[in-house]
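Me: I am new to this structure. Please walk me through it in short questions and answers.

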Amino acid sequence: MKAPWGEVDVCDAHVHFFSHSFFCSIAAQKIDLLQDAGRSDPAVAVARTLNWDAPPTAPQELAEIWAGTLNRYGVSRAALIASLPGDEASVVAAVAHFPDRFRGYFMVNPLAADALERVENALAAGLQGICFFPAMHRYSMNDHRVEPILQAASTRSGIVIFVHCGMLTVGIRQKLGLGSPFDMRYSNPIELHPLALLHPKLNFVVPHFGAGYLREALMLCDLCPNVHLDTSSSNSWMRCYTPALDLKSVFRSALEVAGPARLLFGTDSSFFPRGWQEDVFSSQTQALADLGLSKVDAQAILGGNFDRLLSRG
């Protein structure tokens with residue numbers, strides 16, 4: 001893919017796979033959409049309300065749409081995230097359909113009675129990223145129910161522990177007028193410190209540079225060499241909470257503390273017709289180029305680290 005350094009191999013470490021099951025789950029939370037759907041597909045009712053494209057029923061078909069979109073932009077590989085607990089099967093099917101193109105992440109709520117069983121089944125099916133959203137599900141990462149999941153991850157190679165910290169908004173819920181009863185008490189990256197020390201061979205990923213907790217995320221990276229940052233989204237938290245920062249200064253700090261080997265490029269792409277967010281790629285690569293980053297280091301951030309962490313070897 002064309003970048004300021006010339007051709008580079010690009011992998012997106014943060015793409016939400018908004019499957020048919022995901023849309024139906026959203027519809028089930030909004031009674032007027034269910035009534036509007038009548039005997040038709042509830043996912044279509046959600047998409048119509050949002051003015052989005054309705055996803056195909058089969059996840060393999062949605063995977064084909066994503067593969068075609070990434071082909072048009074020249075993106076080599078991507079991590080697809082099952083964006084609600086219980087939707088692992090959608091991403092399993094997508095990854096099985098394009099095993100060389102996609103890696104699979106899935107969301108888990110460790111408070112659920114079947115959480116460990118779901119994790120073990122998902123890992124056995126080939127998924128590689130376990131996604132925790134503590135503020136969303138209202139728990140501490142130091143809750144005793146998290147540890148068995150980390151233990152299960154420790155028995156396999158090529159697994160990453162993705163932990164959403166900082167500001168959390170779910171755009172689709174906002175657009176539909178659904179509540180988001182999240183608890184920010186559980187969103188500080190510092191909560192990961194004892195876990196990262198206890199599991200030095202596990203690779204932890206904090207998305208969006210900590211989403212408002214940049215200082216804390218950098219402290220965590222400085223103390224724990226197995227913690228990585230993903231660069232995904234427009235990082236609007238900068239404008240909202242730290243107006244003195246811009247993307248270039250965020251990257252400068254992240255490079256000084258974590259280095260290029262612990263940064264993973266991502267876009268936070270999710271729905272159609274918007275598709276893959278090329279503007280996120282352009283703004284991030286320009287910021288890195290303005291910092292004078294070498295092509296070798298740029299390639300690590302844009303794809304090399306993805307392949308290293310998610311190696312299936």
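Me: Which residues lie nearest the centre of the largest pocket?
Reply: This is a predicted model. In it, the largest pocket has a volume of about 1000 Å³. Its lining is made up of 42 residues. Those nearest the centre are L168, T169, V170, G171 and D268.

Me: Which element gives the largest share of the lining of the largest pocket?
Reply: Several elements give two or more residues to this lining: β3, α1 (20-28), α7 (134-137), α9 (171-175) and α12 (237-241). The largest share is 5 residues, and it comes from α9.

Me: How many residues of the lining of the largest pocket are charged?
Reply: Sorted by class, the lining has 20 nonpolar residues. Another 18 are polar. The charged residues number 4.

Me: Which residue in β7 is the bridge partner of F132?
Reply: Strand β6 covers residues 129-132, and β7 covers residues 160-163. The two pair in the parallel sense over 4 bridges. In β7, the partner of F132 is V163.

Me: Which helix gives the most to the lining of the largest cavity?
Reply: The structure holds 1 cavity of 30 Å³ or more. Its lining residues are A13, Y105, V160, L264, N305, F306, L309 and L310. By class, 7 are nonpolar, 1 is polar and none is charged. With 3 residues, the helix that gives the most is α15 (residues 295-309).

Me: Is the crossing of α13 and α14 left-handed or right-handed?
Reply: Helix α13 covers residues 247-257, and α14 covers residues 278-290. Their axes come within 9 Å and cross at roughly 65 degrees. The crossing is right-handed.

Me: How many residues of the contact of α13 with α14 are nonpolar?
Reply: From α13 come L247, K248, F251 and L255. They meet S283, Q284, A287, L288 and D290 in α14. Of the contact residues, 2 are polar and 2 are charged. The nonpolar ones number 5.

Methods:
Residues are numbered from 1 along each chain as its sequence is written. This is a predicted model: local features need pLDDT of at least 70, side-chain atom pairs count only at pLDDT 80 or more; totals for chains, interfaces and linings use all residues. Side-chain values use heavy atoms; hydrogens and water are left out. Two strands pair if DSSP finds at least two bridges between them. On a 1 Å grid over the protein atoms alone, a cavity is a set of points where a 1.4 Å probe fits but cannot get out, and a pocket is an open set with protein on both sides within 12 Å along at least five of seven lines; lining residues have an atom within 4 Å of a point. Grid points are joined across faces, edges and corners, and a volume is the space filled by probe spheres set on the points. Ala, Val, Leu, Ile, Met, Phe, Trp, Tyr, Cys and Pro count as nonpolar, Asp, Glu, Lys and Arg as charged, and the others, Gly among them, as polar. Axes are lines fitted to C-alpha atoms, for helices over the stretch in contact, and angles run from 0 to 180 degrees between N-to-C directions. A crossing is left-handed if the near helix is turned anticlockwise from the far one by less than a right angle, and right-handed if clockwise. Contact means heavy atoms within 4.5 Å.
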